[in-house]
Amino acid sequence: MIPQKNRIAIISHTHPSVSKGGAEISAYTLFLGLQKLGLDPYFIAACPRDQKSRLEFNSPMERVVFYDPAYYDHFYHIAPKHVADELAFTLDELGVGIANFHHFMNFGLNGIRAVSGKTPRTVVTLHEFLAICHHHGQMVTRPHRRLCDSSSASKCVRCFPEHERGQFQYRQDFFMKAFSRVASFVSPSHFLADRFVAWGLPAERIRVIENGLADKPQRIPSRPKDPSEPWVFGYFGQINPFKGVDVILDAAEFIRAKPQLARRVIIRIHGNIIGQAQEFIDKFEADVKRNIALEYAGPYDNTQVISLMRACDYVVMASRWWENSPVVIQEAYAAGRPVIACNIGGMAEKVKPGVSGLHFQVGNPASLAEAIEAACDPRIAERLQMSVPDPSDARQMAENYLRVFREAPIKTAPALAAIGAS
């Protein structure tokens with residue numbers, strides 16, 4: 001008996017028990033949100049075969065497709081044929097009528113093409129700029145890491161002279177052909193959506209839906225600030241130059257040059273130092289040791305992030321690239337904390353200056369130091385904390401996605417009148 005194709009599958013390029021990046025976390029949050037709405041979606045993840053022991057499933061509705069990273073083409077994003085075929089077969093066997101990819105990596109563009117040929121509705125959630133930019137999807141130049149606002153074959157070949165101009169043109173054409181089979185796209189930010197429209201995706205096929213938090217804690221009213229206590233500015237994330245940690249260190253030097261301010265400020269850095277050059281590690285350790293305004297809190301368990309943020313007065317984001325919809329900002333809002341963020345991209349969109357936080361000039365430590373000093377004004381802090389918005393939760397996210405699922409054009413004929421039915 002062939003199952004009626006009316007089930008939903010959330011497809012992630014990895015499982016959150018193996019990796020805890022923003023895309024896989026938001027994909028799993030949507031999976032949980034759909035369950036909260038009374039549906040029975042599937043969660044299907046790609047996993048390197050040698051990482052099998054790390055997998056932890058929390059539901060019988062979770063599946064995995066194994067692959068070997070050595071055979072994945074990271075330029076054209078083509079997975080081995082058996083990976084794409086296995087994904088398409090699995091969805092067909094499970095009776096999936098709506099396939100929502102939360103990235104094309106590891107399953108490949110050929111995975112999207114294989115699935116869209118058998119599944120009535122295919123939706124792709126865009127999480128960064130990897131389709132547009134071969135440089136880790138960050139839209140910064142290589143090797144100088146200057147911000148890039150658009151792509152073209154002639155520009156991209158300057159960053160990657162080892163490739164030919166024609167390869168970049170073919171790469172974009174290859175993406176466009178695969179994406180032509182997609183019914184709808186979802187972007188977590190207007191900024192990201194606008195970049196993809198400028199690149200060539202039709203605006204009418206993109207919907208903006210904010211990522212949700214799996215568990216949104218109850219808002220705790222902030223207690224009055226004790227004038228004798230220092231102002232605490234927390235950084236949460238990977239400790240590397242891409243995330244602007246070097247900008248934070250240099251901003252602390254500007255603060256250190258003002259002894260009275262330095263005694264009132266603690267910049268508390270939470271996170272891991274992994275895979276960084278020794279020069280960067282040495283500078284980080286030396287700065288923390290000599291600067292009274294800096295404090296390294298070490299790695300943290302993400303299940304404790306809200307309580308750690310509540311121990312701060314502000315959360316700081318200093319990324320050197322555009323970002324899209326950083327989960328750190330949503331976590332800060334859930335903790336009731338305003339955010340000090342760069343004035344570009346998804347960060348500028350999510351943090352409203354003077355309302356939910358403050359902006360500073362990207363890559364400018366003096367500007368960050370000025371923002372931190374301004375944030376130490378109790379009147380500003382009180383006003384910002386009172387207007388911190390409530391982030392979306394898993395249920396709200398799922399409700400918004402269901403609207404897209406229902407509205408997405410049907411690519412093939414079978415019955416999908418009641419999408420989401422179990």
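User: Which residues in α7 are buried?

Analyst: In α7 the buried ones are V245, D246, V247, I248, L249, A251, A252 and I255. Buried means under 20% relative accessible area, exposed means over 50%, and partly exposed is in between, with a 1.4 Å probe and protein chains only. This is a predicted model, so local features need pLDDT of at least 70 and side-chain atom pairs count only at pLDDT 80 or more, while totals for chains, interfaces and linings use all residues. Residues are numbered from 1 along each chain as its sequence is written, and side-chain values use heavy atoms, with hydrogens and water left out.

User: How far does α7 reach from its first C-alpha to its last?

Analyst: Helix α7 runs over residues 245–256, so 12 residues, and spans 16 Å, close to the 16 Å expected at 1.5 Å a residue. The expected span is 1.5 Å times one less than the number of residues. Helices (H or I, at least four residues) and strands (E, at least two) are DSSP runs, numbered from the N terminus.

User: OK, sheets now. In what order do the strands of the 6-strand sheet come?

Analyst: That open sheet goes β10-β9-β8-β11-β12-β13, with parallel pairing. Two strands count as paired if DSSP finds at least two bridges between them. β10 (294–298) and β13 (357–360) stand at the edges with a single partner strand each, so one side of each has no neighbour in the sheet. On average, neighbouring strands are turned by 25 degrees against each other, direction ignored. The axes there are lines fitted to C-alpha atoms (for helices over the stretch in contact), and angles run from 0 to 180 degrees between N-to-C directions.

User: How many bridges join β8 and β9?

Analyst: 6 bridges, in the parallel sense, between β8 (residues 231–236) and β9 (residues 265–270). One of the contacts has Y235 with I269 in β9 as its bridge partner. β8 also pairs with β11 in the parallel sense over 2 bridges, and there F233 has Y314 in β11 as its partner.

User: Which way do the β11 side chains point, and are they buried or exposed?

Analyst: In β11 (residues 314–317), Y314 and V316 point one way, V315 and M317 point the other way, and all are buried. β11 pairs with β12 (residues 339–342) too, in the parallel sense over 3 bridges; the partner of V315 in β12 is V339.

User: Where does P227 sit?

Analyst: P227 is in the loop between β7 (206–208) and β8. It's exposed, with a relative accessible area of 80%. P227 and R264 are 37 residues apart in sequence and 9.4 Å apart in space, C-alpha to C-alpha.

User: And the 7-strand sheet, what's its order?

Analyst: β3-β2-β1-β4-β5-β6-β7, open, with parallel pairing. The edge strands are β3 (62–67) and β7, each pairing on one side only. Inside it, β4 (residues 96–102) and β5 (residues 121–125) pair in the parallel sense over 4 bridges, and I98 stands opposite R121 in β5.

User: Switching to holes. How many cavities of 30 Å³ or more are there?

Analyst: A search of the whole structure finds 2. On a 1 Å grid over the protein atoms alone, a cavity is a set of points where a 1.4 Å probe fits but cannot get out; a pocket is an open set with protein on both sides within 12 Å along at least five of seven lines; lining residues have an atom within 4 Å of a point. Points are joined across faces, edges and corners, and a volume is the space filled by probe spheres set on them.

User: What lines the largest cavity?

Analyst: A131, I132, S151, S152, A153, C156, F168, Q169, R171, Q172 and W199. α5 gives the most to that lining, with 4 residues. By class the lining has 6 nonpolar, 4 polar and 1 charged residues. Ala, Val, Leu, Ile, Met, Phe, Trp, Tyr, Cys and Pro count as nonpolar, Asp, Glu, Lys and Arg as charged, and the others, Gly among them, as polar.

User: And which residues line the second largest cavity?

Analyst: H103, F104, V124, T125, L126, H127, E128 and F196.

User: Last one: what's the volume of the second largest pocket?

Analyst: About 590 Å³. Of the 23 residues lining that pocket, S222, R223, D313, R337 and Q385 are the closest to its centre. α14 gives the most to the lining, with 5 residues. By class, the pocket lining has 12 nonpolar, 3 polar and 8 charged residues.
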